Every structure is written in structure tokens, then in C-alpha cells.
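Me: I have a structure to go through with you. Please set each value against its definition.

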Amino acid sequence: MSEGAAKKEEKPRKFQAIRGTRDLLPPETALWNRVEQTAHEVFSNFGFGEIRVPIFESTDLFARSIGAETDVVSKEMYTFGGFEEFSAKVREGMLSEMSPEEMISLRPEATASVCRAYIEHGMQQLPQPVKLYYMGPMFRRERPQKGRYRQFYQIGAEVLGGSDAPAIDAEVIEMVMTFFDRLELQGVQLDINSIGDRNCRPKYVELLRTELLKVKDKLGPDSQRRIETNPLRVLDSKLESEQGIIATLPRIADHLCEDCAAHYAAVKHQLEMRGVIYRENWRLVRGLDYYMRTTFEITARGLGSQNAVCGGGRYDGLVELLGGPPTKGIGFAIGEDRLILSLQESGKGPAQQGRDVYIAWMGERAHATAIRAAKDLRKAGFSVELPPVEQKFGKALGQADKLGAKYALILGDNEVSEGLWTLKTLADGSQAKFTEPDLLDHLRKSKRVSS
Ligand code: AMP
């Protein structure tokens with residue numbers, strides 16, 4: 001090997017974030033924090049408490065709840081401890097033979113975990129319904145694109161208990177809409193539907209399958225496959241050539257059983273009582289198996305084809321399916337990445353994480369005063385930048401400008417011996433001298449005026 005080649009090999013590898021994952025950096029993270037803080041506030045206003053569930057769980061938990069046939073479980077989960085074996089078993093339909101302890105998966109969503117926790121901690125003993133919310137990363141091996149990642153973030157909530165009163169559905173939806181309203185999210189559109197229950201949905205799905213088989217030749221390969229696997233998902237299709245055909249298909253609203261129809265009508269009435277504006281969308285179905293009756297989706301502006309920021313619905317029976325007592329449930333998951341994208345598109349993102357005060361100091365005595373001033377100002381709630389090494393005042397002021405500081409506090413020998421500190425307002429270049437207590441007062445007052 002030539003010396004040149006050896007040297008080339010020594011060059012350290014440049015690492016990059018894995019495809020479909022990304023770093024969230026300041027100042028954008030300030031917006032993430034604002035969104036999450038607003039969620040904490042709004043959800044607690046509605047009487048929800050935060051739950052934090054693990055990032056990974058038994059694979060079986062997701063397979064049983066989301067459905068082994070769904071794309072999420074069969075293709076998109078990050079599974080450890082014998083992935084090959086797991087996929088083979090899924091293909092053979094032998095999943096039930098696997099011991100639940102055998103595999104673990106990174107969570108692709110959190111509803112299953114929340115239901116598991118509800119059972120594990122005997123939450124049915126608590127006053128019902130139990131209202132929980134969560135936020136954090138989810139993992140799905142999907143094809144990455146704008147608004148679609150392999151590690152993405154969801155903010156969600158679940159209501160679990162003995163009642164499926166339509167007012168619960170309506171209040172959950174009202175809560176998401178209040179949250180979006182508080183964030184001033186633009187172009188919000190709420191779509192609702194009812195997808196029936198175990199009584200009426202199977203009959204409708206069969207009818208849909210029969211009708212779809214009649215027009216099979218006119219459908220694309222994805223929809224053709226779904227006629228067998230999950231005909232409801234054909235209604236989801238965005239393919240231009242299929243739209244005319246889909247419009248002629250039977251609609252679930254015309255095939256709901258009496259109970260489901262009454263429940264749906266009551267949910268709509270309850271939404272109206274709350275002033276929540278909705279659009280009925282008979283083609284709205286959910287990708288995950290466990291949903292029934294009320295389903296909803298919220299879209300927002302500026303997101304292109306991946307414009308759904310929230311999906312939710314009712315899933316009575318899921319807790320029971322996971323070995324718990326008969327329990328009704330409803331919840332939603334907001335895609336936080338998309339929510340942030342939409343807020344940024346409409347100019348709601350913070351441009352820069354500015355400092356309140358940049359302390360320009362020169363000389364050893366001034367350094368000691370600067371350290372004390374920084375401590376006091378930070379304690380009073382101001383964001384302070386204290387340069388670690390001495391800088392000429394001109395350079396320090398340039399630096400303060402670049403960091404978007406509002407003020408520069410100038411501390412040199414004169415200031416320290418006189419006990420009068422110079423405060424420069426960077427926006428207009430004006431300067432004034434203050435004693436230490438007056439300075440704090442002045443900054444506090446100007447902060448109150450600007451906020
Ligand atoms: P789901 O859990 O599939 O009902 O999705 C709920 C919401 O999560 C969607 O409306 C999206 O906003 C968001 N979401 C789902 N998958 C992804 C993904 N791969 N990347 C980013 N956001 C996603």
C-alpha cells in the first residue's frame with residue numbers, strides 16, 4: 001500500500017445522522033419547547049395528567065394492538081432479538097407462537113403502551129375516566145420525505161374508562177383544537193367520520209370488497225392489493241385516476257348500525273355545542289386496526305402532501321384485547337414535526353434565540369464585577385452572555401450584535417471605580433449610566449414593557 005493510501009485511510013470517518021433521523025438545533029428547539037409547554041398547559045387545563053412510557057416494549061404488544069397485518073407492524077418496526085424470525089412468523093401467520101419476551105421493538109406509537117400501563121397499574125381503580133397525555137419520539141421505518149421521518153415526535157392523549165359518552169369524543173377534539181388555536185396554527189381543518197364497530201363494520205367492509213372487485217381492473221396495484229388486505233384503506237388513496245371510482249363506492253355512514261349512527265350524531269351535536277367547526281369526510285379511515293366509531297384527522301397549511309398534523313379516534317376494546325378489563329378508549333396523536341413545520345411556514349418560528357445582556361468587560365477587576373453582575377442578572381431571569389476571555393470593547397460589541405443581544409453592559413476600570421455601569425441599547429446605540437440596583441430596575445421595567 002502506498003504511503004498516500006495509508007494516510008487516506010487514517011482520515012477519520014465523517015459521521016452523519018442516520019437516514020430519516022435529524023438533529024433539532026437552536027433556535028428551532030425554542031419553538032419545540034414552546035409547543036410542548038403549551039401542550040402541558042392546555043392539556044392540564046382539560047384535566048389531563050402526563051404519562052411517560054418506555055421507548056421500547058415487547059414486540060407482541062404492538063403486534064396485538066396495532067395489528068400484525070398493518071404496514072406499521074409488518075414492515076416498519078425497529079425490532080431487536082431476531083427480526084428475521086419475527087418477519088417469517090408474521091408471514092406465516094404464526095405470530096402467536098412467539099413468546100412475548102422474545103422480541104422488543106422501538107415504539108411506533110404510544111397508545112398501546114398507555115393501555116398496557118393502564119392495565120399494569122390497575123388504573124381502572126382510579127376515578128374514571130383516566131385522562132393521560134404523552135409526548136416523545138416514535139420510530140417507523142418509512143420512506144423519509146418532507147414531514148415524514150423514521151424518528152419523529154408525537155404529542156398525544158388518551159381517555160380510558162367505562163364510558164363512551166359522545167361528550168368525551170367531543171371534548172378530546174375540542175382540546176386539540178384549543179391547543180392548535182393557542183399556537184395560532186394556520187389553515188386548520190378538522191375532518192371527522194364514524195367507521196362503525198364490530199357489529200356493522202365487517203358487513204360494510206365486505207360490501208366494499210365486493211364493489212371494489214367489480215372495478216379491480218381500473219385500480220392501481222396498491223389498491224388492488226388492499227382489496228384483499230384492507231379494503232377501507234382504498235378510500236385513503238390519493239391516486240388521481242382512482243378518484244372517480246372511489247366517489248361511486250358505498251359510504252359507511254349509510255351502513256352504520258343504529259347504535260353507531262346515534263353515537264355519531266351525538267358527537268356532531270356535542271362538537272357544535274362547543275363551537276368546534278368540522279367537516280364530515282366519509283373517506284376518512286385510520287391506518288391502525290384498533291380504531292372504531294369516531295375517527296378524526298386535522299390538517300394544516302404549508303405541509304404539501306404530508307399535511308395531516310393529528311390523527312385520532314375511538315378504540316373501545318383495545319384494553320380488553322391486551323388482557324385488561326372491558327374499557328372504552330379514545331385518543332389522538334399529533335405529529336409534532338409537522339406541527340412545527342407548519343408553524344415555521346407561517347412565520348411563527350423564533351428567528352434567533354437572542355440574549356438580553358452581553359457583558360463586555362476589560363481588566364481583572366472588571367472581570368470579577370462582571371461575574372457577579374452575570375450571576376445577579378441571571379438570577380433575576382435575564383439571559384446573559386459573559387465572554388470567558390477579555391476582548392476589546394469594539395470586538396465585544398460586534399459579538400453582542402451577532403448574538404442578537406438587546407443590551408451590552410460595559411464594564412471597564414472607570415465603571416468599576418465609579419460604581420456606575422454603562423448600558424448600551426444595541427438597537428439604537430444609545431448609552432446611559434446606572435448604579436447596580438438602578439440597572440436591575442431599569443432592565444426589569446423595559447422587559448415588562450416589551451413582553
Ligand atoms: P398515526 O399514529 O399514524 O395515526 O399518526 C398520527 C400523526 O403522527 C400523523 O397525523 C402525523 O402527523 C404524525 N406522523 C405519523 N408518522 C409520521 C412520520 N413517519 N413522520 C412524521 N410524522 C408522522
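Me: What makes Arg-293 buried or exposed?
Reply: Arg-293 has a relative accessible area of 8%. Buried means under 20%, exposed over 50%, and partly exposed in between, with a 1.4 Å probe and protein chains only. So Arg-293 is buried.

Me: What kind of model is this, and how are residues numbered?
Reply: It is a predicted model, in which local features need pLDDT of at least 70 and side-chain atom pairs count only at pLDDT 80 or more, while totals for chains, interfaces and linings use all residues. Residues are numbered from 1 along each chain as its sequence is written, and side-chain values use heavy atoms, with hydrogens and water left out.

Me: Why is the contact of Asp-164 with Arg-293 called a salt bridge?
Reply: A salt bridge needs a side-chain nitrogen of Lys or Arg within 4 Å of a carboxyl oxygen of Asp or Glu. For Asp-164 and Arg-293 the N to O distance is 3.2 Å. So the pair qualifies.

Me: Which parts does that pair tie together?
Reply: Asp-164 lies in the loop between E6 and helix H7 (166-182), and Arg-293 in strand E9 (residues 292-299). The pair therefore ties together parts that are 129 residues apart in sequence. Helices (H or I, at least four residues) and strands (E, at least two) are DSSP runs, numbered from the N terminus.

Me: Is Asp-164 buried or partly exposed?
Reply: Asp-164 has 22% relative accessibility, so it counts as partly exposed.

Me: What makes Lys-348 and Glu-184 a salt bridge?
Reply: Their closest N and O atoms are 3.9 Å apart. That is within the 4 Å limit. Lys-348 is in the loop between helix H13 (336-345) and strand E12 (357-361), and Glu-184 is in the loop between H7 and strand E7 (189-194), so the pair ties together parts 164 residues apart in sequence. Lys-348, at 25% relative accessible area, is partly exposed. Glu-184, at 47%, is partly exposed.

Me: What separates Asp-222 from Arg-225?
Reply: About one helical turn, because they are three residues apart in helix H9 (residues 221-229). Asp-222 has 45% relative accessibility and counts as partly exposed. Arg-225, at 43%, is partly exposed.

Me: How many salt bridges does a search of the whole structure find?
Reply: The search finds 25. Glu-57, Arg-116 and Glu-120 are linked in a network of them.

Me: Which element gives the most to the shell around the ligand?
Reply: E10 does, with four residues.

Me: Is Phe-80 buried or partly exposed?
Reply: Phe-80 has a relative accessible area of 43%, so it is partly exposed. Phe-80 lies in strand E3 (residues 79-80).
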